[in-house]
Amino acid sequence: MIKKFIEDLYYESSLPLNYSNKEYKELKADIIHFNLEPTFHSMLKHNNIIDTIPINLKDMLLKKYNQQFIQNLLIKNQTQMILSAFEENNIFVIPLKGPFFSEKYFNDFAARSSSDIDILIKEEQIEETIACIKKLGFIIEENNDEEHFHRTFSKTLPGSTIPLLIEIHWNIVRENTSALSIDELWNQSIPIENYQFVLELSTIHAFYFIILHAWRHNLDSLKHFLDIIQMIKIHGNDLNYESLFKIAKKHKTLKRVIRTLSIVYQQFPFLNNILKLPITKQYGSLRQYEWIREGKIDKKKIYLDFIDYQFRSYDTFSHRLIALLEWLFPSKFGLEGELKGNKMSYLRLFKQRGKGILSSISIKSKI
């Protein structure tokens, strides 16, 4: 039901919605499952049809939206404080995702759920950046994967038991499995409003980033699909896949970009009416079956999709080999994440994975 609902929202001819009580019940369950109440409340309101849906669904969406509004307002204010401090200290910064992304692409800073602050900075300014955010209260450094391209800090907020996190990125993909030149993104970025050091990615690079971000998270949330869909809707006339693929080929990320877009278009073919995807090959996805929430799932197929997704998404043999070795022998941070606090050892990791593989091959389940 969720797929039909999304497609209807993007077709004016399908509005207002004309669903049965059963369909609305299924839709409500799906929205709750995917935790997208604020997004769909905002979209329904933007389309001027929020008052046409059942009152119980409308109330549920509004309640969750108001909760997200407060959280995003806090994050937006904290982000603005950080950006102003960076401007004063001549530190180049690009805000990523969060309320600013939501406001620009969904016309509502509270439409997209946010829980932390993500920024891109120049690697040579890491120490200046850390010194600046510590003055703003982000004094605790969280555990990070030493092989990754970001560091995370947190601060406690009055009246909240959950600390606010800020992730400081100096790249958007791992350097050892790509040839991405981050300087290209910086050189084509655009100053925001009256700032000199606070910038935003160009349209093509913002789209590129969102695609790679979705790929890195295995498209494990409907949110990633909606981010891509919304950018295509807003910038369909300004985007050019030939240019995007040329950039990705140069950066050795082409397979990641093509695979991600192929999966999104496969699930939402109406996008071809907005911006035609010049690709015919279709790919499976480990996670796509989970959010479709229908039919029987062949877990052997899912496992094969996982292998294909993880190790055939790289443009070169050397990058595939690096990815394979890092999966087989993850860093201490990665090991802790998979074993969830159990005794750390690669033998325990291999046993745990082996059990999962055997279970995947021998069991079929229904979502």
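**Exercises on buried sites, charge pairs and a surface patch**

The backbone nitrogen of Arg112 lies 3.1 Å from a polar atom of the Ser102 side chain, where a polar contact is a pair of N or O atoms within 3.5 Å, one able to donate a hydrogen and the other to accept it within protein, and residues adjacent in sequence count only if both atoms are side-chain atoms. The model is predicted, so local features need pLDDT of at least 70 and side-chain atom pairs pLDDT 80 or more, while totals for chains, interfaces and linings use all residues. Residues are numbered from 1 along each chain as its sequence is written, and side-chain values use heavy atoms, with hydrogens and water left out.

Task: State whether Ser102 is buried or exposed, and which residues Ser102 touches beyond four places away in sequence.

Solution: 
- Ser102 belongs to helix α5; helices (H or I, at least four residues) and strands (E, at least two) are DSSP runs numbered from the N terminus.
- Ser102 is buried because its relative accessibility is 0%; buried means under 20% relative accessible area, exposed over 50%, and partly exposed in between, with a 1.4 Å probe and protein chains only.
- Beyond four places in sequence, Ser102 touches Asn107, Asp108, Phe109, Ala110, Ala111 and Arg112, contact being heavy atoms within 4.5 Å.

Solution: 
- With a relative accessibility of 2%, Pro99 is buried.
- The C-alpha atoms of Pro99 and Gln71 are 9.9 Å apart, although 28 residues separate the two in sequence.

**Exercise B: charged residues that are buried**

Task: Determine which side chain of opposite charge is nearest to Glu87, and which backbone nitrogen lies 3.4 Å from a polar atom of the Glu87 side chain.

Solution: 
- Glu87 is found in helix α4, residues 55-88.
- Glu87 is buried without a salt bridge, and the nearest side chain of opposite charge, Lys122, is 12 Å away. Here Lys and Arg count as positive and Asp and Glu as negative, with His and the chain ends not counted; a salt bridge is a side-chain nitrogen of Lys or Arg within 4 Å of a carboxyl oxygen of Asp or Glu.
- The backbone nitrogen in question is that of Val198.

Task: Identify the side chain with which the Lys155 side chain makes a polar contact.

Solution: 
- Lys155 lies in strand β4, residues 150-155, and is buried at 11% relative accessibility.
- The partner is the side chain of Gln78, at 3.2 Å.
- Beyond four places in sequence, the contacts of Lys155 include Met81, Leu136, Pro163 and Leu164.

**Exercise C: salt bridges**

Task: Give the number of salt bridges in the whole structure and describe the pairs of Lys4, Asp51 and Glu326.

Solution: 
- The search finds nine salt bridges.
- Lys4 pairs with Asp8 at 3.4 Å, N to O. The two are about one helical turn apart because they are four residues apart in helix α1, residues 2-9. Lys4 is partly exposed at 40% relative accessibility, whereas Asp8 is buried at 8%.
- Asp51 and Lys58 meet with their closest N and O atoms 2.5 Å apart. Asp51 is exposed at 60%, and Lys58 is partly exposed at 23%.
- Glu326 pairs with Arg174, with closest N and O atoms 3.8 Å apart. This pair links distant parts of the chain, 152 residues apart: Glu326 is in helix α14, and Arg174 is in the loop between β5 (164-169) and α7 (182-187).

**Exercise D: a nonpolar patch**

Task: Name the residues of the nonpolar surface patch and the helix that gives its largest share.

Solution: 
- Phe317, Leu321, Leu324, Leu325, Phe329, Tyr346 and Phe350 make a patch of about 650 Å². Patches comprise residues with over 30% relative accessible area and no salt bridge, like charges being joined within 9 Å and nonpolar side chains (Val, Leu, Ile, Met, Phe, Trp, Tyr) within 5 Å; areas come from the Shrake-Rupley method with a 1.4 Å probe, and for residues only the protein chains shown count as cover.
- Helices α14 (317-328) and α16 (346-362) each supply at least two of the residues.
- The largest share, four residues, comes from α14.
- Phe317, in α14, is exposed at 59% relative accessibility.
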